[in-house]
Amino acid sequence: MTDTRRRVKVYTLNEDRQWDDRGTGHVSSGYVERLKGMSLLVRAESDGSLLLESKINPNTAYQKQQDTLIVWSEAENYDLALSFQEKAGCDEIWEKICQVQGKDPSVDITQDLVDESEEERFDDMSSPGLELPSCELSRLEEIAELVASSLPSPLRREKLALALENEGYIKKLLEIFHVCEDLENIEGLHHLYEIIKGIFLLNRTALFEVMFSEECIMDVIGCLEYDPSLSLSRKHREFLTKTAKFKEVIPISDPELKQKIHQTYRVQYIQDMVLPTPSVFEENMLSTLHSFIFFNKVEIVGMLQEDEKFLTELFAQLTDEATDEDKRQELVNFLKEFCAFSQTLQPQNRDAFFKTLSNMGILPALEVILGMDDAQVRSAATDIFSYLVEYNPSMVREFVMQEAQQNDDVTKHLRCYQLNGEVMIHSMLDPETNFETALAYGANNGEKLLQLLLGTLSSLFSEWEKDILLINLIIEHMICDTDPELGGAVQLMGLLRTLVDPENMLATANKTEKTEFLGFFYKHCMHVLTAPLLANTTEEKPSKDDFQTAQLLALILELLTFCVEHHTYHIKNYIINKDILRRVLVLMASKHAFLALCALRFKRKIIGLKDEFYNRYIMKSFLFEPVVKAFLSNGSRYNLMNSAIIEMFEFIRVEDIKSLTAHVIENYWKALEDVDYVQTFKGLKLRYEQQRERQDNPKLDSMRSILRNHRYRRDARTLEDEEEMWFNTDEDDMEDGEAVVLPSDKSKNDEDIMDPISKFMERKKSFAMVKTGIGTKLSTSQFTVCNGFATCFKSALYSLG
């Protein structure tokens, strides 16, 4: 059996002063040859890999905190911590460390945190400890001055902390606090505020354990109510005892866990509400307080996770129909706070947390809760669902796909039972069935019983066919959000977008999550998502055009636009088969400009794909007509609608989408020809005419293609060789009218090309004579231009014969 005493978690402090979990393992100490000394070794419990190998340096300051923590620094900005499962294991390792450093294991810190000056060292030798004034009401001012004067010096802070620990001084101060309150001694209370605040800045775990104990913590908070800088005292204790209530939605049987929850809440309250905002110089002095809260939270989550009885009871009551509404609301709110609490954990702790909730059945429970009528319960359940989606969307996708498969299986069985029942009724009512057989099957009463059974089966069948799935419940809540600003709908749309985003879907050797989930989503969920859109676009104008409906439709269009960009053929098949784009473009007639622009953006995203399947669908259904109507209705107003429509047509022109160009000009040119403040539509007309010209004259189109090919596809080295040969050829070596055939053109028949280029050769000779006559030389770039032109021209002539 594994020794749990040595089981630890390894933590490192990051740049944000938060502890990062580096893993769980078992710690040991031993001599490491490579490090030349006794070292702490932690090996992972999962695979035995080395999580930590740290030499016990004689000069390193090790701190023991909360009986189960050992903290130290190995470099200026590299802090380490070992969190032990059991106190006994912590004590064993602490003794090893103290043994190496020659310290008494009873101390909580082995070295001074920083190097002291020579003067402080001398003081240290001459005065082994700090003597505190006697704890009396009349000496509170003296005590406050002593605490304040000790804070700047690390050595004096250390001495002061040791004196406070050894003499039980804090409890004596808190007794005086009660006396001051009874006497209404405001001056004494102000001094106590400064003293207690200074003790916090000593940053010592041993002092915190005394101050945060059950008997002391409320008095400590009371001392911090009397800030001298405020005219009136705060009422923190009144809030904690009367306003803040601790509710046990499920009874917690472990008294240690209950005490830890109370302590953590109060210490968090002290940090957030009671202590003044620390200055830049004081911030690092409260690092131990941050660590105290952090490790308490980790411990609470761990203890709740391990209490299977508690979690089992929690989920059982959540899904029990007999649970009253108030109780269920408390249960859901607890689970919501529990999930929010986990966000402060490190990734490994958070993984274990959500894995536990998943194993306990949190997703089926959420499905039950989301189907309830209580709006507050549903809202809390939505927040819990968002934590799960953000943590692991694949886990949610796997659940809803399994749920759909189960629904399909049940539907098949119900259909089978329904058909079998119909066959039995038919056989009993068959005229050829003899009377004895009918009696044998109980025909007199069996018919009624079977019809009743079939009615029940039909009812069940219709319910199962409604796709009552978790993800559809989320979509329905988005659609039915009663908030005028649709705050909840916006949150849910973001979650749906995360679930359908292929970027966070996994792929394995045998299957892809993307293929499976998108197939499921478009079969079972897309019709639910688009239902409000289809219901509102049956006519030429939106049937409902109020602001809230427009907002909802804009959200749906935003998600559909995302799908167009990321889902390729799934959304393409859905749009074309359901004629979705035509329905979307009905919203161009909305009085809400943002909704009309969403519809236009949806179409623009489709056109941007340059997919001929989409293009043929657009042309066949004449889906530019609503856009042109909106453009003309907008008139000469220079606004976002005007610019967006023009940009869409400009994209078609620049990208030379031939099918759409021809469709627009042939069907809408008369409506657009008078638009002259931009050249977009005239440019489209020019593109269209060029297309027609190429269709009517295929040889011209071929020549242009050849020119383009020779200009952009000629090998650079071949071009240089041809230039050299062209310009080095002696004019006298050429016979009259003879063309110079370049190496790449040797295969051509000389007679075929002589006449077409003879004039060009005469011009070359003239040019050469002029060059010789004026005694100048063309630059290389000029030669290159001339030769390039000649080469392209000759190639074109070869093609034309």
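Student: How do the residues of the lining of the second largest cavity divide into nonpolar, polar and charged?

Tutor: The model before us is a predicted one. The lining consists of Gln63, Lys64, Gln65, Asp108, Ile109, Arg204, Thr205 and Ala206. Sorted by class, the lining of the second largest cavity holds two nonpolar, three polar and three charged residues.

Student: Which element supplies the largest share of the lining of the second largest cavity?

Tutor: At least two lining residues come from each of β5 (62–65) and α7 (205–211). The largest share amounts to three residues, and the element that gives them is β5.

Student: About how much space lies in the second largest cavity?

Tutor: The model has three cavities of 30 Å³ or more. For the second largest cavity, the space is about 40 Å³.

Student: Let us turn to helix packing. Are α21 and α24 roughly parallel or roughly antiparallel to each other?

Tutor: Helix α21 covers residues 487–499 and helix α24 covers residues 547–566, and their axes cross at roughly 15°. Angles under 35 degrees count as roughly parallel. The two helices, α21 and α24, are therefore roughly parallel.

Student: How many charged residues does the contact of α21 with α24 have?

Tutor: On the side of α21, the residues are Ala489, Val490, Met493, Leu496 and Arg497, and they meet Leu555, Glu558, Leu559 and Phe562 in α24. By class, this contact has seven nonpolar residues and no polar ones, and the number of charged residues is two.

Student: In the pair α22 and α25, is the crossing left-handed or right-handed?

Tutor: Helix α22 (residues 513–524) packs against helix α25 (residues 569–578) at an angle of about 15°, and their axes are 10 Å apart. This angle is under 35 degrees, so α22 and α25 are roughly parallel. As α22 passes α25, the crossing is right-handed.

Student: How many charged residues are in the contact of α22 with α25?

Tutor: Thr515, Leu518, Gly519 and Tyr522 of α22 meet Tyr569, His570, Ile571 and Tyr574 of α25. These residues divide into five nonpolar and three polar, and the charged ones number none.

Student: Are α13 and α14 roughly parallel or roughly antiparallel to each other?

Tutor: The axes of helix α13 (residues 325–342) and helix α14 (residues 347–359) come within 10 Å and cross at roughly 155°. Angles over 145 degrees count as roughly antiparallel. The arrangement of α13 and α14 is therefore roughly antiparallel.

Student: How many nonpolar residues are in the contact of α13 with α14?

Tutor: Helix α13 contributes Leu335, Phe338, Cys339 and Ser342, while α14 contributes Arg350, Phe353, Phe354 and Leu357. One of these residues is polar and one is charged, and the number of nonpolar residues is six.

Conventions: Residues are numbered from 1 along each chain as its sequence is written. This is a predicted model: local features need pLDDT of at least 70, side-chain atom pairs count only at pLDDT 80 or more; totals for chains, interfaces and linings use all residues. Side-chain values use heavy atoms; hydrogens and water are left out. Axes are lines fitted to C-alpha atoms, for helices over the stretch in contact, and angles run from 0 to 180 degrees between N-to-C directions. Helices (H or I, at least four residues) and strands (E, at least two) are DSSP runs, numbered from the N terminus. Angles under 35 degrees count as roughly parallel, over 145 as roughly antiparallel, 65 to 115 as roughly perpendicular and the rest as oblique. Contact means heavy atoms within 4.5 Å. Ala, Val, Leu, Ile, Met, Phe, Trp, Tyr, Cys and Pro count as nonpolar, Asp, Glu, Lys and Arg as charged, and the others, Gly among them, as polar. On a 1 Å grid over the protein atoms alone, a cavity is a set of points where a 1.4 Å probe fits but cannot get out, and a pocket is an open set with protein on both sides within 12 Å along at least five of seven lines; lining residues have an atom within 4 Å of a point. Grid points are joined across faces, edges and corners, and a volume is the space filled by probe spheres set on the points. A crossing is left-handed if the near helix is turned anticlockwise from the far one by less than a right angle, and right-handed if clockwise.
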